[in-house]
Amino acid sequence: MAAPLALLLLFFALPNALLLSASFVKSEAQQLTHELTLENYQFLFTRPLYIWAFVRTFIVGVSVGLIDVVLGYPLAYFLVRTRSRWKGVLIALALAPLLASVVVRTYGWYIILNRFGVANDLLLALGAIDERIAFMPSTGAIVIGLAHALLPYTVLTIMGSLQGINPNLELAAMSLGANRVRTFFDVVLPLSFPGIAGGFILSFSIAISAYATPAILGGPATQVMATAIYGFMTQLLDWSIGAALAVILVVCAVALAYVAARIGARQGAL
Amino acid sequence: MAQTLRRRLLKGAAAAVAAPYVITARSQETLIVNTQGGEYQELVERVVIRPFEKKFGVKVIHDATGTASQDYAKIRASRGAPGFDVAGLLTPPEVILGVKEGMLEKLSEREVPNLRHLWDKTWQVIPPGSGAPHTLQYAALVYHKEKLERPRSWDDYWEPQKKYGDKVKGHVIQYNPANLLSVYALIHAAQLGKGGVDNMEPAWQRLKAQKSYVGVVVTGSAEAVPHFENGQVWISPYWSARSGYYIDRGLPFEMIIPEEGVIGLFDVACVPVGAKNKKLAYEFLNWRLDPAIQREWALAYFSSPTRPGVELPAKFAASQLTTQEQIARTQFPDSDVIGARRKDWTLKWQEIMG
């Protein structure tokens, strides 16, 4: 118990403490000074560009979480309840995207969404558009890419929750006169709420800290917090502002994940 | 008894597994050199690293990862001990910062004798003795020769609609100022409007006007190559060395020096203060400046030597900076100023392009 805790402290708490301290240090001409300041936070909260990066990050996180829950739930339900002898194969197929690197999957979307990509070619061929549309770089493209990349995680989480529901409860509801739809909404859905919340939190957390997909589908002109942090840390070499951004991201993500977990737990307990 | 035998067997097996590494480490000196991947990796290994290994009887481990700023971030994060002995591909802004922060070894002609042969202008660009500039290139203008007429001015990139009309819409590329290529192109844009590093306003006006014609936005220079290859980008500022390399391999592009001139860039090899094998690192830096290696490297990478007197074929030399006059005419903006203002420029660029 003590060893894992020490490891956690060493590799999580300590770097985060260093990050926190760097965020309060003034940086001049790319160099950290010894002067304490709140200027880094002031800089970030007074620039619309970074306020938008912050807002965009959470729009992406919430959108990806919701899309994955909406798409993932029916799939998870089907995979848990199907009696097909191909059940194992179907589950493997649903999780197959995890076998490819997220960069490869994202470049798949790049080929589809770019101005001279498959989507534009198709719409032009169908006569739906006259001029090519810039689907990317955009927030929408980031959401699509991440929702696709993270769907298997949500499916797995919801499947775990659905598998834990005693089938006799559904039989009991139906024996008392409830039809399949009412049984689903009154019994299955509330009981699977912890899985829904878990799936949402998982995809939300990964989405708000994702770097590769926003970097490829959003590019340098459509920043989210992860790409902005990377830019400050390794391209502009301004570690103070990079650290302040990272602190904001970690604090907000933990707070929102905590709220979502509480809501999920409360709904599950009802 | 059985336990003792098992221990002996295990010790024997461990020694057998470790032996090749122990023997190699003891018998051959090792140098770790960081540069970058892509086409650069194969070239630098073939032209510079393998001949160095052969001549000095040493082993070079080539760490082909990261860009100049990422590599400097590693040096800074490790307080000068990034795990490589030579930072082989820094640019002037990182070198200047490295000297200020005390992360790079100060060099003299005693350690690196070939430093005395560099172009006179070298030490105006980076602090004296801060590194070994081994490659000289410039930010050229490249265009798709099957799609566009030959451009003449930087204005043909910044205001492409004037020369090419609407057909160029979506075929112009922009680079994030985190890439020095973008900074240099912005400086040219500022100069077109009588501005410069001290007044970038004309550059922002041109960026706003150009925005609706931009189809691709990237950060790294290497990221642009697929867009050149698939015909999406028709006009771009681009490093002369890489341009020459890809054009030689059949890319339907041509590289020009616009009438306003170009901005030059030195690629610099430095030794981090915490390098383990400094002696061999200095030998490597000296090797990079050797006239024969300078010639081979220039021809392989389509770049210019960083010292006078390197004989190159006339046709090749025509697109390179090889004379004192050409070097004198080439702009080398103050990298200290660029370093200090890059954050604000990036912010402004992002506000316009976002």
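Two residues are taken to be in contact if their C-beta atoms, placed from the backbone, lie within 7 Å. On that basis, the contact between the two chains of this predicted model draws 21 residues from chain A and 25 residues from chain B. The model as a whole scores ipTM 0.72 and pTM 0.80, while chain B has a mean pLDDT of 91, with 92% of its residues reaching 70 or more.

**Contact between the chains**

- On the side of chain A that touches chain B, the largest share, amounting to 4 residues, is supplied by helix H12 (residues 225-235) of chain A.
- Sorted by class, that side of chain A comprises 9 nonpolar, 8 polar and 4 charged residues.

**Confidence along chain B**

- Among the elements of chain B, the lowest mean pLDDT, 51, belongs to helix H1 (residues 2-27) of chain B, and the highest, 98, to helix H6 (residues 155-158) of chain B.
- Over residues 19-27 of chain B the pLDDT stays under 50, and for this stretch the model has 0 contacts beyond four places in sequence.

**Overall form of chain B**

- Chain B contains 16 helices and 9 strands, and its C-alpha trace spans about 90 × 45 × 40 Å along its principal axes.
- Because a compact globule of 354 residues would have a radius of gyration near 20 Å, the value of 23 Å for chain B agrees with that expectation.
- Of the 354 residues in chain B, 46% are buried.
- When the contacts in chain B with a separation of 6 or more are considered, 73% of them are accounted for by residues 24 or more positions apart.

**Domains of chain B**

- Chain B is divided into domain 1, which covers 9-136 + 266-321, and domain 2, which covers 137-264 + 334-353.
- The centres of domain 1 of chain B and domain 2 of chain B, taken over C-alpha atoms, are separated by 29 Å.
- Across the boundary, 17 residues of domain 1 of chain B are in contact with 16 residues of domain 2 of chain B.
- On the side of domain 1 of chain B that touches domain 2 of chain B, the elements giving two or more residues are helix H4 (92-100) and strand S4 (132-144) of chain B, and H4(B) gives the most, with 4 residues.

**A hairpin in chain A**

- Strand S1 (residues 25-28) of chain A pairs with strand S2 (residues 31-36) of chain A in the antiparallel sense, over 3 bridges, and A:Glu28 stands opposite A:Gln31 in S2(A).
- Between the strands of this hairpin of S1(A) and S2(A) there are 2 residues, and in the hairpin A:Ala29 takes a positive phi near 45°.

**The setting of A:Ala212**

- A:Ala212 lies in helix H11 (residues 212-218) of chain A, and, leaving aside its neighbours within four places in sequence, A:Ala212 is in contact with A:Val102, A:Val103 and A:Thr106.
- From A:Met1, A:Ala212 is 211 residues away in sequence and 35 Å away in space, C-alpha to C-alpha.

Definitions and conventions. Residues numbered from 1 in each chain as written. Chains lettered and ligands numbered in written order. Predicted model: local features only at pLDDT ≥ 70, side-chain atom pairs only at ≥ 80, totals over all residues. pLDDT = per-residue confidence, 0-100. Pairing = 2+ DSSP bridges. Rg over C-alpha atoms; globule rule 2.2 N^0.38 Å. Buried ≥ 20, exposed ≤ 12 C-beta atoms within 10 Å, placed from the backbone. Nonpolar A, V, L, I, M, F, W, Y, C, P; charged D, E, K, R; others polar. Domains from an automatic or database assignment.
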